[in-house]
Amino acid sequence: MPLASTWLGFSKVVCMSINPAGVSTQCCRQRLQAVMGQRQGEALLRAISSLAQCVLRWPDTIFEAYILVVDHAWLFIAFVVSLCRVSFRLAPFDFERYCFAKAYHLDQPRFSVAAKWVDTAKVNNGKDVLRATLWTPVGADGPLPTVVIRNPYGNHSAVGVEWGQIILAERGYAVLLQDTRGRFGSDGDFVPVENEREDGAETVRWVRQQPWCNGKVAVFGISYL
């Protein structure tokens, strides 16, 4: 419909310049072809339609580009602040979290967060312990809905490299960020993918038994899982 209406409007403008008395769209087409020949007339109409589409898209394109630049600016500021504080092993800053929220179009954080290392589920017939950091919103009334994030990459010390756990915790969720079997803090041997179904299920069972979990558990993974 936008293309048709654009063609209609511009073809009438062109035709009225040929015959100011005004004519129907079909007559416009016929008169253009009569003046310029069929091929040239069709080519002109296509060119006018393309130009009209570009002109009509300019406001949207400019606005989208503006939003993209602003979002990336907020994200860049958050990244720089995060990089500095992680280097000095500091807890997340309020300004950093504000920037993240602006970049991702999220509501501003409702809580500050606290993190601690915990031993979680035992696997491999009780021989190996999986370890994690538990992120919770400070001051939230528990028990809480809980999100389990498991990964083999480490890098989730209490200073807070962002894997999504801070974003969730500061909005009222308990988040368990767990090392997979044989990786970093967790016991056992790491065999890619082999034990993840079993270990994930055992972790969820363990989480549901904890006093800070209200029984509602979501699970998501990063790349590997």
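Which residue's side chain is joined to that of Arg 150 by a polar contact of 3.1 Å? The residue is Glu 196; a polar contact is a pair of N or O atoms within 3.5 Å, where within protein one must be able to donate a hydrogen and the other to accept it, and residues adjacent in sequence count only if both atoms are side-chain atoms.

1. Basis of the note. This is a predicted model, in which local features need pLDDT of at least 70 and side-chain atom pairs count only at pLDDT 80 or more, while totals for chains, interfaces and linings use all residues. Residues are numbered from 1 along each chain as its sequence is written, and side-chain values use heavy atoms, with hydrogens and water left out.

2. Five strands form an open sheet with mixed pairing, in the order 1-2-4-3-5. Strand 1 (113-123) and strand 5 (213-221) are at the edges with a single partner strand each, so one side of each has no neighbour in the sheet. Neighbouring strands are turned by 25 degrees against each other on average, direction ignored. Helices (H or I, at least four residues) and strands (E, at least two) are DSSP runs, numbered from the N terminus, and two strands pair if DSSP finds at least two bridges between them.

3. Pairing of the strands. Strands of a sheet pair through backbone hydrogen bonds, either parallel or antiparallel. Strand 2 and strand 4 are antiparallel, with 4 bridges, and Ala 132 has Gln 178 of strand 4 as its bridge partner. Strand 3 and strand 4 run parallel over 6 bridges; here Ile 149 stands opposite Leu 177. Strand 3 (residues 144-151) is also parallel to strand 5, again through 6 bridges, and Val 148 has Val 219 of strand 5 as its bridge partner.

4. Strand 4 and its cover.

5. Arg 150. This residue is found in strand 3 and is buried, with a relative accessible area of 4%.

6. Aromatic pairs. The structure holds 5 aromatic pairs; rings of Phe, Tyr and Trp (its six-membered ring) pair if their centres lie within 6.5 Å, and planes under 30 degrees apart count as stacked, over 60 as edge-to-face and the rest as tilted. The ring centres of Phe 100 and Tyr 104 are 6.2 Å apart and their planes are at 5 degrees, so this pair is stacked. Phe 100 is buried at 10% relative accessible area, whereas Tyr 104 is partly exposed at 44%. Tyr 153 and Trp 163 are also stacked, with ring centres 5.8 Å apart and planes at 20 degrees.

7. Helix 4. In helix 4 (residues 94-103), the buried residues include Glu 96, Arg 97, Cys 99 and Phe 100. Just after this helix, His 105 takes a positive phi of about 55 degrees.

Methods: Axes are lines fitted to C-alpha atoms, for helices over the stretch in contact, and angles run from 0 to 180 degrees between N-to-C directions. Buried means under 20% relative accessible area, exposed over 50%, partly exposed in between (1.4 Å probe, protein chains only).
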